[in-house]
Structure formats: C-alpha cells, structure tokens
Amino acid sequence: MSTIHIKGGRLIDPSQGIDATLDLWLREKQVLAVGRDGPDQVDEVIDATGLIVCPGLIDCHVHLREPGNEEDETIATGADAALAGGVTTVACMPNTIPPLDTPGGVEYIVLQAKRAKKCNVYPVGAVSKGRSGSELAELGRLVEAGAVAFTDDGAPVANPALMKRALQYASMFDKVIMQHCQVMELTEGGVMNGGFQSMRLGIPGMPPEAEDIMVARDIRLAEVTGGRLHIQHISTARAVECVREGKRRGVRVTAEACPHHFTLTDDRLASFDSHFKMNPPLRTQSDVEAVIEGLTDGTIEVLSTDHAPHAPEKKARELNLAPFGIIGLETLVPLTISYLIEPGHLDWPTAIRMLTIAPAQLLGLEHRKGSLRPGFDADVTLLDPAARWVIDPSRSRSKSRNTPFGGWEVTGRAHTVIVNGEVRFRSGELTTS
Amino acid sequence: MSTVPASAATWTRRHLLGLEDLSAEEIIAILDTAESFAEVSDRPRKKVPALQGKVVFNLFFENSTRTRTSFSLAAKRLSADVQDFSASTSSLSKGESFIDTARNIEAMGSDVMIVRHSISGAPHLLSKHVRSSVINAGDGAHEHPTQGLLDLLTIRRKKGRIEGLTVGLVGDIAHSRVARSNIWGLTKLGAKVILCGPPTLVPRGFEQLGCEVAYHLDEVLPRLDVINVLRIQAERQQRGLFPSVSEYFYFYGVTQERILRSRPDVLLIAPGPINRGVELTPEVADGPNSAILDQVTNGLAVRMAVLYLVSGRAALANQPD
C-alpha cells in the first residue's frame with residue numbers, strides 16, 4: 001500500500017470548514033486522514049510549507065474537442081493542461097463531432113480518459129439528439145453510460161417546450177441542465193458584445209439582452225418544473241441579477257463565471273485580435289463588476305474556464321471568421337488569485353469552495369470529490385500562492401495556444417497535483433507519460 | 001517634390017488604417033498634400049515620379065470598382081507599378097488564408113498593400129503580419145479612411161473650411177464604414193455632425209461619439225451646411241431594418257423640395273454608388289448643390305497623397321540637400 005504524507009501546508013477544505021496548518025495523509029486512492037497525527041509508515045513525504053493544500057480542483061466546463069477536432073485538443077492533451085493548471089477533474093462538453101448524444105459516445109470519452117490516465121474526465125451529455133434542439137436525447141441511458149449533467153453547450157436549447165421537458169425529465173436522475181443562455185435571433189452574425197464598442201468598431205454585436213432574456217426564461221422554467229438549472233459562463237449584469245432573484249424565490253438555479261469575464265472588457269476588441277473573441281462575448285466594465293459582485297455575494301457559486309481550444313491557424317483568420325473561445329485551464333488559478341483574491345473580492349476558502357465542493361455538488365460528485373474527508377478520492381492540489389510569473393502561451397500544455405493573457409504577469413500557480421493518489425504534476429513538470 | 005507641404009514632413013505612419021487613430025494635424029497634412037497633388041491631374045502629362053520603383057498591390061477581398069480604379073490611377077500618376085488582385089479569382093477560393101495570400105504577394109516585392117475587406121479589422125490584422133505599408137480601402141462597417149478624407153477635401157474646397165460647419169450624414173449609419181470615417185474626420189476638424197435616419201439604422205449609441213442623432217430629416221435640414229447621403233442596401237430592408245424602400249425615400253430621400261427648404265448654399269455629397277430614387281433624386285444628384293463628381297476627382301488627389309505619405313517619400317522630399 002502506498003501512503004503519501006503532505007505536511008506543513010495551509011490546508012483549506014471548505015467542505016469541512018477547514019483553513020489551518022494541518023497535515024494530510026493519502027493511502028492508495030483515498031484520503032486517509034487530515035490532522036496532526038497520522039501513520040508513521042509512509043512511502044513519500046511532500047513538504048508543503050508555504051503552499052496551500054486543497055481538494056483537487058474541478059472544472060465543470062471544458063472542451064476537449066475529441067472526437068472530431070483532434071487538431072485543436074485531445075482528451076490527453078486537454079487533461080495535461082488541466083494538470084498543469086492544478087485541475088484534477090474536468091467535465092467535458094458534448095459539442096464534439098459527433099456530439100455526445102448516445103451512450104456509445106459518452107462511453108468513448110470515459111474510455112479515452114482511462115487510457116490517457118491523466119486527470120479525471122466526466123462527460124456531459126447532450127440535451128437533444130444531434131444537439132439540434134428538437135428532440136430529447138436518451139438522457140437516462142446517457143446517465144448510465146457516465147454522463148454527469150446535460151447541455152447543448154455552444155448553442156442554447158432554444159425551444160422553451162424542449163427546455164421545460166429536459167428540466168422535468170432530468171430531475172428523475174437528479175441531473176442538472178447546463179444552459180448556454182442566448183437568444184440566437186438577437187445574436188445572429190454577432191462577433192462581440194453589442195454596445196458602444198461594437199458600434200464604434202463596426203463589428204456585428206451580440207447584445208446583452210440576448211443572454212438576459214434566456215436566463216430569465218430558464219429560471220422561470222426551472223421554477224415551474226422543480227428541475228436543476230445551471231447558467232453557464234454568466235456574463236451580464238442583468239443575468240446575474242436574475243439568478244440572484246431566482247435564488248431568492250427558491251429556484252434550483254446555479255451559475256458559473258469564467259476568468260475572462262471578470263478580467264476583460266469589450267474595448268479589447270479595438271485590437272481586432274481574435275483572442276478576445278469569445279461567446280458569450282467580453283462585456284462592459286459594469287458587467288465585469290456585476291459578475292465579481294455575484295461571486296462575492298454567492299449568487300455565482302462556481303468558477304469554470306470554458307476551456308475552448310482552437311488551433312492557431314483557425315484563430316489567425318479575420319475576426320468574423322475566427323472561432324469563438326480561448327483556452328483557460330492553465331490560467332484559472334493565477335487569474336482567480338490575481339483578480340479575485342488579491343484585490344479582496346474573495347477570501348481563500350470561498351475561492352477554493354468555488355473550485356472544489358461547489359462544482360462537485362453541481363456534477364453530483366460531492367460524495368467522492370471536492371473534499372478531503374477520509375475515504376474520499378485522493379485528488380489533491382498544492383498551490384504556490386505567491387509565485388510571480390508571466391503567462392507564456394508557447395509553454396501551454398494544451399494543443400492550442402489561443403489565450404488573450406499572454407504576457408500577463410500573475411500571482412500563483414499549481415505546484416503539485418495528485419490524482420487518485422498518484423503525483424501527476426510536480427514543480428512545473430508532468431509526471432505522467 | 002518641391003510642392004509638398006511642410007506639414008507632410010512630420011508624417012511618420014507606415015500604415016493608414018483609419019481616421020480614428022489620426023490627429024487633426026495628420027488629417028490636415030494629408031489634405032494639404034492632396035491639394036499639392038490635385039494640380040497634377042490638370043497637367044497634359046498627368047504623372048510625377050514620386051513613387052518610381054515602388055510596387056503597389058490592390059488587394060480587394062470585396063468587390064469594388066471605383067475605389068480600386070481610383071487607387072490604381074493614383075498610384076500610376078505617382079509612377080508606381082500597380083498590380084490588381086481580387087479574391088474571387090485568387091487562391092482564397094482554394095482555401096488559402098488571408099494572411100498567407102498577403103505574404104505571398106509580399107514575397108513578390110510589394111511596398112504598399114491597399115486592402116478592401118468585408119470584415120472589420122482585416123487590414124489591421126494584415127498590418128501585423130507584413131512589412132509593406134497597409135492602406136485601408138474599406139473594412140467591414142469599420143472605416144473607409146480615404147473616402148472620409150476625400151469628403152473632407154471636397155467640403156474644404158467648396159466651403160473654404162471644415163471648422164464650424166454642420167454636416168448631416170443621412171442613411172444607414174450603423175452599417176456604414178464611410179459614416180465612421182466621416183464622424184472621426186469631421187469632429188476632429190471641428191465640424192458638428194448630425195446623424196439622421198431611422199433608429200434601426202442610427203442607434204442612440206452614436207451620440208457617445210460626439211454626434212447629434214436625429215430621426216426626422218425635415219427638422220434638421222435647415223441647420224445643415226453639408227448633406228452627406230449614404231447608400232441604403234436592399235439587404236437591410238430584407239432583414240427588416242426598415243419597412244420598405246418607398247417608406248425610406250418618403251422620410252429620408254433627398255428631393256428637390258427638400259433642397260429648396262435647405263440653406264441656399266447647402267452642399268450635397270454622396271460616397272457612391274448612388275441609388276437614384278432611393279437616397280436622392282436625379283435632379284438633386286445632378287443639380288447645382290451636388291459635388292458628387294468633384295468627390296471622385298478629389299479622391300484621386302487624396303489617394304495620391306496617402307500613397308506618397310505612407311511610402312515615406314514626403315520626409316525624404318523635405319530633407320535639406
């Protein structure tokens with residue numbers, strides 16, 4: 001039996017209300033103990049002095065592009081990027097080619113992830129067959145194949161009747177419907193946030209009301225069905241307010257925010273650089289402030305990346321023709337520290353909660369992951385909270401390089417990452433083959 | 001050239017991507033340089049050796065006849081070698097990227113690339129990947145700087161000044177690159193700009209660019225020194241941005257009656273191509289207030305000036321011997 005003793009670190013586990021200098025013991029694939037006393041016989045001692053020790057980070061919104069777009073990313077390369085970013089578990093989106101709308105498709109992801117043996121990968125199934133928005137996919141069989149949630153991500157479930165049925169039907173399995181909220185008729189042809197900047201630059205806009213209206217609609221549908229609704233990558237002030245108000249009424253609604261939506265604004269598009277093109281688009285300063293406020297007051301409980309790799313030749317096209325999205329797994333931790341923790345918007349335990357137990361609960365993994373309780377999966381992230389470094393896209397572990405954060409000086413990074421009781425990333429190096 | 005204005009000697013830009021980036025002084029330097037080139041067109045031998053040995057490529061990724069012809073002629077009058085390239089017959093249709101196409105052209109020895117593209121920012125993207133000077137000949141709905149400059153030159157020549165004038169831009173402002181270049185150029189030189197059209201084509205946000213927004217042409221007409229009529233694309237009506245062409249013409253068409261209710265010396269300009277009977281009537285287009293054909297002539301002088309300035313010859317011409 002292999003036993004790891006992680007000693008001397010600041011152990012933060014929001015699921016147990018722990019924030020103290022405590023040791024952690026892992027045995028085989030499980031957490032053995034947290035505290036000051038543990039077994040004397042250990043196989044490896046990791047000195048975590050000066051580091052933060054927390055449950056392995058969970059990203060509920062990642063695109064791994066396999067199958068179908070392996071030139072952008074594969075399950076193996078995406079999982080490498082996750083490890084390098086301190087993320088031990090990802091939920092991958094079903095907008096692959098073909099989409100994850102069949103048990104075979106979902107099982108393929110599970111199998112490829114096992115073969116890669118990097119981080120934990122949980123597939124999110126499609127809500128509708130072919131992601132076409134017209135007919136429910138076989139949600140129950142997808143659950144049995146391994147799907148942890150459902151979404152037609154990349155496109156919203158536009159038809160309100162189908163969305164209502166999805167919320168009703170998925171509640172049978174207590175699974176959440178994750179929605180990319182957008183009224184497509186209002187965003188058709190859009191490339192950036194619709195507003196002053198798009199008007200100034202002559203770039204087709206995606207107005208904020210396109211998101212606001214869908215968020216409001218879906219919260220109402222969740223309310224009447226009692227289903228679980230998750231708002232993906234929330235980006236507008238009004239949408240944050242809608243979620244806040246929905247929660248006040250007791251609706252089962254959760255929301256996530258991505259680092260680019262709390263660090264960047266739409267005036268960046270003045271450079272016409274496609275690395276600032278994402279969907280939902282970068283919004284205005286007041287939207288950024290609203291997202292941060294939503295994170296601060298608990299309206300938004302999850303941080304995610306919407307890691308969306310695209311090969312360089314695709315992003316190098318003219319702005320309207322370049323695809324939406326940026327990679328994010330390796331910049332999640334430093335941007336969270338530099339732009340949420342350091343300015344005082346979030347304290348460490350709250351930020352760690354948003355990256356661990358909150359996404360675990362969202363995905364129904366809270367009985368195994370997101371916590372360092374004895375018996376839980378031995379997924380642990382050690383963060384160096386003080387490391388100052390400059391983001392260099394060329395050093396990304398992702399197969400793609402599409403980040404707008406190249407050259408940014410940031411604080412904090414993953415130091416050591418343990419998955420299933422094995423050290424898979426240490427001091428900047430992947431330790432898996 | 002001995003006639004180059006002194007202000008041109010301070011020109012330092014390698015590209016001309018838009019008027020938003022330029023200072024008032026830089027815009028005036030271009031207009032003054034254009035004035036000095038205008039007389040070339042009146043000579044029996046319409047040619048000067050300013051760009052001899054330089055290679056100018058017309059890269060038109062979107063259809064255009066008059067702008068491309070104007071640039072070609074301007075380059076030829078400066079004695080440059082000019083090569084046209086149009087996307088429809090190019091490798092783009094074989095899947096080659098925009099940047100690779102431009103790099104291949106550069107490998108043939110281009111000094112200046114004149115770029116027209118249907119996507120905003122395309123010339124800006126190109127300017128980061130090539131060593132040649134890039135001149136924006138219209139990008140998406142963003143800017144059309146030489147059109148803006150030739151409008152400014154036409155107004156200045158006809159009115160003797162820009163500062164203090166009130167200029168109305170009438171039509172589809174939201175989708176117009178000409179409108180944006182005009183807004184930047186006119187406001188930087190001290191003119192008041194009134195944008196006029198239905199709210200679906202003239203959103204309120206334009207007020208933040210320092211313009212007045214008006215929806216009723218008849219109410220603003222008496223205040224205008226210049227009416228700049230922008231083209232309405234049939235596609236906009238098909239997308240439901242206004243109910244019909246005839247309703248548009250009823251509210252915004254520049255007719256003889258509207259000219260009669262304007263100031264007697266009101267100047268009418270239009271970037272073209274004009275749709276007679278949609279934006280303005282034939283008698284107005286060809287009438288005494290119209291400077292539409294002067295614009296075309298001035299466009300040549302402006303494009304000669306821009307080519308000359310970005311190619312770095314002005315600084316050389318003004319250096320002491």
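This is a predicted model: local features need pLDDT of at least 70, side-chain atom pairs count only at pLDDT 80 or more; totals for chains, interfaces and linings use all residues.
**A colleague's note on salt bridges and a sheet**

1. Glu223(A) belongs to helix H7 (residues 209–225) and Arg249(A) to the loop between helix H8 (237–248) and strand S15 (253–257) of chain A, so the pair ties together parts that are 26 residues apart in sequence. Both partners are partly exposed: Arg249(A) has a relative accessible area of 38%, and Glu223(A) has 29%.

2. Elsewhere in chain A, a salt bridge joins the side chains of Lys129(A) and Glu135(A) at 2.9 Å, N to O. Here too the residues are partly exposed, Glu135(A) at 46% and Lys129(A) at 35%.

3. Chain B has a mean pLDDT of 92, with 95% of its residues at 70 or more. Its Glu35(B) forms a salt bridge with Arg156(B), with 3.9 Å between the closest N and O atoms. This pair links helix H1 (residues 24–38) to helix H5 (residues 145–159) of chain B, 121 residues apart. Glu35(B) is partly exposed at 28% relative accessibility.

4. Do look at the open sheet in chain A as well: four strands in the order S5-S4-S1-S6, with mixed pairing. Strands S5 (30–35) and S6 (44–47) form the edges, and the twist averages 20° from one strand to the next. S1 (residues 3–7) and S6 run parallel, joined by four bridges; Ile6(A) stands opposite Ile46(A) in S6.

Notes: Residues are numbered from 1 along each chain as its sequence is written. Chains are lettered from A and ligands numbered from 1 in the order in which they are written. Side-chain values use heavy atoms; hydrogens and water are left out. Two strands pair if DSSP finds at least two bridges between them. Helices (H or I, at least four residues) and strands (E, at least two) are DSSP runs, numbered from the N terminus. Axes are lines fitted to C-alpha atoms, for helices over the stretch in contact, and angles run from 0 to 180 degrees between N-to-C directions. pLDDT is the predictor's confidence in each residue, from 0 to 100. A salt bridge is a side-chain nitrogen of Lys or Arg within 4 Å of a carboxyl oxygen of Asp or Glu. Buried means under 20% relative accessible area, exposed over 50%, partly exposed in between (1.4 Å probe, protein chains only).
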